[in-house]
Structures are given as C-alpha cells and as structure tokens.
Amino acid sequence: MAYQTINPYTNEIEKTFENTTDEELEQTLLTAHQLYLDWRRDNNLEERKRVILRLGQLLRARRTEYATIMTRDMGKLIGEAEGEVDLCASFCDYYVAHADEFLAPDIIATTTGRAKVLKQSLGVLVAVEPWNFPFYQIARVFIPNFIIGNPMILKDASNCPASAQAFAEAVKEAGAPAGSLTNLFISYDQVNKAIADKRVVGVCLTGSERGGATVAQEAGSNLKKNTMELGGNDAFIILADADWDLVKKVAPAARLYNAGQVCTSSKRFIVLEKDYDRFLKMMKEAFSKVKMGDPLDPLTTLAPLSSKKAKEKLQAQVDLAVKNGAKVYYGNKPVDLSGQFFMPTILTDITPNNPIFDTEMFGPVASVYKVKSEEEAIALANNSSYGLGNTVFSKDYAHAERVAAKIESGMSWINAGWASLPELPFGGVKNSGYGRELSSYGIDEFMNKHLIYEARQ
Ligand code: NAP
C-alpha cells in the first residue's frame, strides 16, 4: 500500500512516504507499552496537561501552515481546513480544563461498606483514521486518551500521510514523550498484527462499514475493546412549522461542506408535499452558485473530492441510482476542470427498491424525498441501515425535539446543520457504529473503571 499525497486539485503526486517495517512496528509497540507502564507508575497527569496546552498553542500559531498541508493532501477548502485546526485546538482547551474532573474517582453509595471507582488508563491503543478531517479525526481520539495515559499507534488513511505526520510531529514538539502518538505507514496486515499484540488493549476506528467490519472482526477475535465511527445517511427533516429563512441558510451547506464528504452531512432531505417544489428550487439556486476551483483560493466555495477513486465511486453511485429510476433534478454533468471535481447534484424519485436508497453517497449529492405527513417523514428517516445523525427544523423547539427523539440515531441537531464540539458526544447506532468520541463520554471509552471496595465487618 502506497502512502502518498496526490493533490486532488492538481492530480500531482506531491510526496510518497516509505512503508513502516515490521521491526519499526515492534519498536513502536515496545516504546508505547513502556510509556504506559511509566505513566501507570508515576501518573504524570500534570505533565500531560501541559503538553496538551502547548499542543493547542502550536495548532493556533500554525493554523494556516497545517491547513495547507490538509488541503494539499485531500483537497478541502483552505478556510474549512483552518476551521478544523481551530476546532482541534479547542479540544486541547476542553480536555485540559476538565481532566481532573473526568479522572476523579467516583464514590459509590453503598450501605454495605465503602466503595469507589478509580479512573485508570488501559494501555496502548491502535487508532485507524480516515482522510475527510485529517487533523480532527486524530485529535478527537488522541487528546482524551493522552490525558488518561493511553499511548496511541496511528494508522491514518493512505491518502493523507503528510497531515498525519504533521500532527504527530506537533504532538512531539509539544513535549509528549516518545510513544505517546506514533504515526505509522503500515499495511492492513500490520494493523491486524498490532491489534493481536498483547501489549495493545483496544482499537478505535473511524471509516467505512467495510473497513470497520474488518477491523472490528480482528479486534473481536482478539478480545480487544473497540469503538467504531462509521458512515451515515443522515436525514434533514423540514417540519410544517419550519423557519424557511433558516432552512435556506442551512440546507445547502449541510450537504456541500467539505465537498459533501462528512459522515454527518445531511444526505437525505425529507420534505412535506406542500414544500417540495420550493425546496427543490431553493437547493438548485444555491447549488448552481458554487464556485469550483483551487481549494487554496479563499474565493473557491466547492472543493474537489479527495481522490480520483472517490469521484469514480460517487459517479458510479449516481449512475446506479438513475438506472434504477432516480431523476436528476440538477447537476450530474462533467466539470471542465482537471481536479477531482463533482458537480453538485440533486436527485429525486429514489424509491426504497433503488439500491442507492440505503447507501451513503460521500460527495455533493442531495437526495430529496417528498412525504405526505410527519409520521411518514419519521418512518422514512428510520428506514435506513445507518443511525448517525439527523437534523430537524421547526420554529417550535418542543415539536422538533419530539420528532428527533423518534429517530433511531446517535445525534440530532435542531434548527441547525450538523455540529461537532468538544463537549458534545459524537457517534452513532445501527451500522453507523458504536461508542462515542469527544465530551466526557469519549474519554470514558478506553478507561479502566477500577472498583475498590471494603465490606463493613
Ligand atoms: P475506509 O476506507 O474505511 O478508511 C478509513 C481508514 O481505515 C483508513 O485509514 C483506511 O486505510 C483504514 N482501513 C480500511 N480498511 C482497513 C482494513 N481492512 N484494515 C486496516 N485498516 C483499514 O473509509 P474512508 O472511505 O476512507 O472514510 C470515509 C468513511 O468514513 C465514510 O463512510 C464516512 O461516513 C466515515 N466517517 C465516519 C465518521 C464518524 O464519526 N462516524 C467520521 C468521519 C468519517 P487506507 O486509507 O490505507 O485504506
């Protein structure tokens, strides 16, 4: 497997990275495990907090430099990449501010004696991460686990090696000891080898169902705890009493941000019959105004997709949808630019027997559905193998919350597009995975809740 930066705007191979040898993997496991033991012995929480504070400062000081690396790796707009660096820095602030609280023992109420639960590290983790948010995906698993004292071995996506390397170097420069976060350019076989190694206690993966199922199987057969953050086919539901000025402001960006390559992008727009035509018109107007071009140019508003493979996959999905009866309301035309651009596209008339109905499309393609009632909207939202997020619009918050609660998903956003913040738990149900990242829930995943109990004599 080649780890390469192939700039999706210029199509040039900018850099190829050498694969990690088995000896390097073994050395990494040794160092990381020793670090875990050292931290278990001396705790060092204050020192780890200082490292994360410094990491936040480095990220802020170099936001454009880091953002540019991400843009060249996978094509995202420079402004969006800068926002991603800022978000990672906010994770640093959050976990430093809450570290003592999250790691404080829980006193357990019992009439039989005294009991408490210590919050302890577990050991070395393997993190397998995707390319769509090259810094954010690493930050959201690395920072809380570093705070606890779980060293991490990173296998990042093969198409954003420069970003993974830059993040790992920033961690080192912030003062983290060797073994804290080691970025490796390893094969799938080496990932399996690491997961099976007895010094590794868990694995967290963000990625596709296909990748997740394979890695979870390996983790399961070795009895290693794992968390899976997988794909989504999020519904965007517009209730009868929605604020249309807000819908107009939010809906296009909820699909087009990061060129539509977000697990929680709104992918299925569910609209009542009475609003269907105006919604389609509104989306078409917004989609037709995008400016495709150099993602490093701040005036560009739609980035290329991350790779040639990603563009081909999306085109094949749109073709399959159309072959099975979907109608193209807007888009699906070639883009006259050499980068991996995909014209924003609106599909309608996707029936449940269309193979695309229950498939994630990872790019700027909006599927629009017409429903007769709120009940039908909820049923359609739930008619999915996925359960990551959804968005509900209503001027009446209580109404929106009632509808959101009926949807089988890990997250619901009301009157706004999807969001990720340090204090909000992130994760899904059904085929969107299991486990949570960020917030107090995220730091809990790879923590030994160690009971200490004395029975009254
Ligand atoms: P992917 O193909 O599964 O890749 C993700 C990571 O897993 C990459 O590092 C990949 O390495 C690695 N990988 C894949 N198969 C593997 C295997 N058998 N053994 C070891 N490692 C393996 O996913 P993707 O297409 O790049 O990412 C997009 C997907 O991620 C979308 O479905 C999106 O919805 C999902 N996602 C979910 C969340 C969430 O929080 N729920 C957030 C972001 C993205 P290589 O690059 O070397 O193949």
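Start with the lining of the second largest pocket, which by class has eight nonpolar, 10 polar and four charged residues. Here Ala, Val, Leu, Ile, Met, Phe, Trp, Tyr, Cys and Pro count as nonpolar, Asp, Glu, Lys and Arg as charged, and the others, Gly among them, as polar. Before you click on, note that this is a predicted model, where local features need pLDDT of at least 70 and side-chain atom pairs count only at pLDDT 80 or more, while totals for chains, interfaces and linings use all residues. Residues are numbered from 1 along each chain as its sequence is written, and side-chain values use heavy atoms, with hydrogens and water left out.

**Stop 1: the second largest pocket**

Select Ala168, Leu181, Thr182, Asn183 and Leu184: of the 22 lining residues, these lie nearest the pocket's centre. A pocket, on a 1 Å grid over the protein atoms alone, is an open set of points where a 1.4 Å probe fits, with protein on both sides within 12 Å along at least five of seven lines; lining residues have an atom within 4 Å of a point. The volume is about 460 Å³, taken as the space filled by probe spheres set on the points, which are joined across faces, edges and corners.

Now colour α1 (22-42), α6 (161-173) and β7 (181-184), the elements that give two or more residues to this lining. Helices (H or I, at least four residues) and strands (E, at least two) are DSSP runs, numbered from the N terminus. The largest share, five residues, comes from α6.

While you're on α6, pick out Glu169.

**Stop 2: the largest pocket**

Next, select Trp131, Asn159, Ser208, Arg210 and Lys309, which lie nearest the centre of the largest pocket among its 49 lining residues.

Where does the largest pocket lie? Colour domain 1 (3-230 + 432-455) and domain 2 (235-421): both give residues to the lining, so the pocket lies between them. The domain bounds come from an automatic or database domain assignment.

**Stop 3: the rings**

Show the aromatics: there are 20 pairs in the structure. Rings of Phe, Tyr and Trp (its six-membered ring) pair if their centres lie within 6.5 Å; planes under 30 degrees apart count as stacked, over 60 as edge-to-face and the rest as tilted.

Zoom to Trp39 and Phe146, with centres 5.4 Å apart and planes at 85°, so the pair is edge-to-face. Trp39 is in helix α1 and Phe146 in helix α5 (residues 136-148), so the pair ties together parts 107 residues apart in sequence. Both rings belong to a cluster linked by ring pairs, along with Tyr66, Phe135, Phe142 and Phe167. Trp39 is buried at 6% relative accessible area, and Phe146 is buried at 1%.

Then go to Phe269 and Phe279, whose ring centres are 5.5 Å apart with planes at 35°, so this pair is tilted. Phe269 is buried at 0%.

Terms used: Buried < 20%, exposed > 50% of the residue type's maximum accessible area, 1.4 Å probe, protein only.
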